[in-house]
Amino acid sequence: MSRYNYSRRSTSPVQVGNIRIGGDAPIRIQSMTNTSTLDTEGSVAQTIRIAQAGGEIVRLTTQGVAEASNMAEITNGVRKAGFTTPLVADVHFNPKAAYTAATTCDKVRINPGNFVDAARTFRRLEFTDEEYQAELQKIRKAVIPFLDLCKANNTAVRLGVNHGSLSDRIMSRYGDTPAGMVESVMEFLRIFREENFDNVVISIKASNVVVMVTTVRLLVREMNKEDMHYPIHLGVTEAGDGEDGRIKSAVGIGALLSEGIGDTIRVSLSEPPENEIPVAAQLRDYIALRDNHPAIPTPEKEAAYPARTSASPVAGFGPTGWPKVVDYDIMASDIDENLILRTHASTDPEVIADTSEGKLISLSSNHINPVGEIQSWIERYIVAGGKSPIILHLHYSDEDADTVRLKASADLGTLLLNGYGNGVLITAPALTPEQRQSLMLSILQAARLRFSKTEYIACPSCGRTLFDLPATLAEVRKATADMPGLKIGVMGCIVNGPGEMADADFGYVGAGVGRVSIYKGKELIHKNLPTDDALPALLALIKDYNK
């Protein structure tokens with residue numbers, strides 16, 4: 001893996017039904033149904049729609065043994081229709097459901113945070129070393145019979161950790177941190193290795209893009225230390241819907257794909273699941289164009305991180321505050337033309353370093369891997385003594401506005417997450433000036449560098465969802481759209497509830513049919529409200545908070 005020259009991370013292959021993940025297999029695209037897994041006909045129909053859209057793996061919720069058992073009927077229905085798409089059971093809190101699913105599915109997802117450990121209480125508990133080890137032995141006792149079933153049935157496993165779903169035991173040692181998320185996975189992986197079970201894929205997700213990217217990178221480093229090379233599934237969980245959901249997913253997934261990390265991906269949207277497939281495929285294919293690209297110079301040493309803080313102030317751009325949006329914070333016409341030095345990342349940065357003092361550099365790239373070339377140039381420029389603020393200028397000639405948004409989010413989002421750029425500028429004939437400004441601000445928000453509008457953390461819905469999530473999200477969005485900086489979680493059920501919405505300020509969580517619970521952070525404020533009373537209660541709580 002390299003920050004500059006693209007190549008895919010080497011992973012051990014995993015067989016899931018009739019396809020392989022990792023190794024020399026292409027990056028696989030997947031989604032999840034939002035039907036009840038007891039609804040055989042509806043689940044079969046939606047699985048087929050996902051497959052017809054290009055989905056290569058389909059996951060279904062199996063919250064109980066009944067749902068896990070019915071996976072066999074769903075599989076039969078899908079196969080009779082002529083589709084060989086592997087089906088995955090999604091299990092939370094119920095090892096018995098996982099045992100059953102191991103005999104009926106191609107792969108079973110379990111969450112290390114709740115496979116054995118009790119549901120989260122969000123209390124900070126203390127565990128002695130002896131108590132901690134006893135808990136690990138309890139995990140081993142539950143996991144080994146599950147692995148034996150998976151071996152006997154050629155069933156793959158996905159270890160899937162979500163930010164906010166860590167057990168109290170992990171929280172007691174690590175807190176709700178990337179290190180805790182990684183250790184939650186590693187505990188299980190060590191057991192898997194001791195039991196000679198390698199047919200496993202890992203996912204670590206978060207709605208916070210920075211947490212997600214940071215944690216996956218840490219996971220790769222920790223696995224490398226223990227000579228583990230398992231495939232990784234990528235996704236930004238609870239990304240939301242529409243343009244924001246697509247931008248947020250492209251920033252997080254794109255940043256990791258650009259480093260060669262990721263063997264299967266899902267773009268989680270609060271929309272019909274088949275809508276996720278073309279977005280994921282387009283993102284995958286865009287990054288894959290970089291394979292075997294012309295070599296980019298590798299800096300002799302990396303500049304101090306983050307690179308943006310090494311700049312000296314020029315024309316309102318500098319090392320402090322958020323990166324400025326050209327044509328929004330500062331109009332291009334307001335900058336003295338004599339202060340701007342426009343250059344390409346193919347030029348010699350040492351030459352520019354000698355002539356750029358007191359200038360504002362506008363840096364662009366025509367390379368097939370613009371992210372790698374720009375990062376290399378900035379690193380070499382700083383090492384050569386360059387101090388000028390840098391505007392990241394990305395140009396896209398695509399005629400389709402959605403394509404521009406996806407590419408720009410993946411490219412600019414990666415650069416911003418990696419600490420580059422004191423200003424941003426996207427030019428694209430397909431976008432109006434207002435659309436360009438909105439896109440740049442949305443990318444900055446996804447990268448957690450600047451909050452210019454309300455942020456919604458919304459699950460994509462599944463068979464556990466207890467209300468019409470797209471309609472509910474639209475209703476909440478309409479009522480709260482003028483609250484910049486506020487983060488609101490809209491979750492379909494308690495599994496994707498207070499834990500999964502992680503750092504939301506407020507939460508609107510399905511609690512039962514026609515019932516909603518309202519949270520402030522992770523604190524339950526109103527339990528099981530009738531749906532008609534839920535939104536007014538949320539708005540009243542926000543109003544009190546803002547007093």
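**Close-up views of the predicted model**

The structure holds four aromatic pairs. Rings of Phe, Tyr and Trp (its six-membered ring) pair if their centres lie within 6.5 Å; planes under 30 degrees apart count as stacked, over 60 as edge-to-face and the rest as tilted. This is a predicted model: local features need pLDDT of at least 70, side-chain atom pairs count only at pLDDT 80 or more, and totals for chains, interfaces and linings use all residues. Residues are numbered from 1 along each chain as its sequence is written, and side-chain values use heavy atoms, with hydrogens and water left out.

**View 1. Phe-115 and Phe-188 form an edge-to-face pair.** The ring centres lie 6.4 Å apart and the planes meet at 80°. The pair links distant parts of the chain, 73 residues apart. Phe-115 is in the loop between β6 (107-110) and α4 (129-152), and Phe-188 is in helix α6 (residues 178-194). Helices (H or I, at least four residues) and strands (E, at least two) are DSSP runs, numbered from the N terminus. Phe-115 is buried at 3% relative accessibility, and Phe-188 is buried at 0%. Buried means under 20% relative accessible area, exposed over 50%, partly exposed in between (1.4 Å probe, protein chains only). Ring pairs join Phe-115, Phe-146 and Phe-188 into a cluster.

**View 2. Phe-192 and Phe-197 also pair edge-to-face.** Their centres are 5.7 Å apart, with planes at 90°. Phe-192 is buried at 0% relative accessibility. Phe-197 is buried too, at 4%.

**View 3. The charged end of Arg-173 sits over the ring of Tyr-132.** It lies 4.2 Å from the ring centre. The charged end of Arg-290 sits over the ring of Tyr-286, 5.2 Å from its centre. The criterion is NZ of Lys or CZ of Arg within 6 Å of the ring centre and within 35 degrees of the ring normal.

**View 4. Helix α11 spans residues 370-383.** Gly-385 follows α11 and has a positive phi, near 100°.

**View 5. The largest nonpolar core has 121 residues.** Such a core is a set of buried Ala, Val, Leu, Ile, Met, Phe, Trp, Tyr and Cys residues joined through side-chain atoms within 4.5 Å. Phe-146, Leu-189, Leu-234 and Ile-378 have the most contacts inside it. Another core, of 19 residues, lies apart from it and includes Met-483 and Leu-538.

Methods:
The expected span of a helix is 1.5 Å times one less than its number of residues.
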